[in-house]
Amino acid sequence: MTTASPDTRHWCPSQWNAWVEAGQSIAECRDRLAQVPEEWRESVRDHMRTVYMLRDAARARAEKSNRWRETP
């Protein structure tokens, strides 16, 4: 899925982070990451790894909490 690129000439790294993270799917996030300038790409990639680690941890915590509530 190709997305229309916004005017990114004056973007800072945090704007790139937010834009890549806003992708609706992993594939779209990858497509967006490919559009990040080379000088920022590694930083944005690291940010996305952190985002996915935090989401996975939150999901695991919620599942653990739900199991605890379901225990008689």
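## Basis of the model

The model is predicted: local features need pLDDT of at least 70, side-chain atom pairs count only at pLDDT 80 or more, and totals for chains, interfaces and linings use all residues. Residues are numbered from 1 along each chain as its sequence is written, and side-chain values use heavy atoms, with hydrogens and water left out.

pLDDT is the predictor's confidence in each residue, from 0 to 100. The chain averages 88. At least 70 is reached by 86% of the residues. Among the elements, α2 has the highest confidence, at 96. The lowest is α3, at a mean of 90. Where pLDDT is low, the predicted coordinates should not be read in detail.

## Overall build

The chain has three helices and zero strands. The order from the N terminus is α-α-α. Helices (H or I, at least four residues) and strands (E, at least two) are DSSP runs, numbered from the N terminus.

Of the 72 residues, 21% are buried. Buried means under 20% relative accessible area, exposed over 50%, and partly exposed in between (1.4 Å probe, protein chains only). The accessible surface is about 5,700 Å². Carbon and sulfur atoms hold 54% of this surface. These areas come from the Shrake-Rupley method with a 1.4 Å probe; for residues, only the protein chains shown count as cover.

A contact means heavy atoms within 4.5 Å. Among contacts with a separation of 6 or more, 46% join residues 24 or more positions apart.

## The nonpolar core

A nonpolar core is a set of buried Ala, Val, Leu, Ile, Met, Phe, Trp, Tyr and Cys residues joined through side-chain atoms within 4.5 Å. The largest one has eight residues: Trp16, Trp19, Val20, Cys29, Leu33, Val36, Val44 and Met48. Helices α1 (13–21), α2 and α3 (38–70) each give two or more residues to this core. The largest share, three residues, comes from α1. In soluble globular proteins, nonpolar side chains tend to be buried together.

Val44 is one of the core residues. Beyond its neighbours within four places in sequence, Val44 contacts Trp16, Asn17, Val20, Leu33 and Val36.

Helix α2 spans residues 26–35. Its buried residues are Glu28, Cys29, Arg32 and Leu33. Arg30 and Ala34 are exposed, on the face turned away from the buried side.

## The tryptophan cluster

The structure holds three aromatic pairs. Rings of Phe, Tyr and Trp (its six-membered ring) pair if their centres lie within 6.5 Å; planes under 30 degrees apart count as stacked, over 60 as edge-to-face and the rest as tilted. Trp11 and Trp19 pair edge-to-face, at 6.0 Å centre to centre and 70° between the planes. Trp16 and Trp19 also pair edge-to-face, at 5.8 Å and 75°. Ring pairs link Trp11, Trp16 and Trp19 into a cluster.

Trp16 and Trp19 are three residues apart in α1, so about one helical turn separates them. Trp19 is buried at 12% relative accessibility. Trp16 is buried at 2%.

## Glu21

Glu21 lies in helix α1. This residue is partly exposed, with a relative accessible area of 28%. Not counting residues up to four places away in sequence, Glu21 touches Cys29, His47, Met48, Val51 and Arg55. Glu21 and Tyr52 are 31 residues apart in sequence, and 9.7 Å apart in space, C-alpha to C-alpha.
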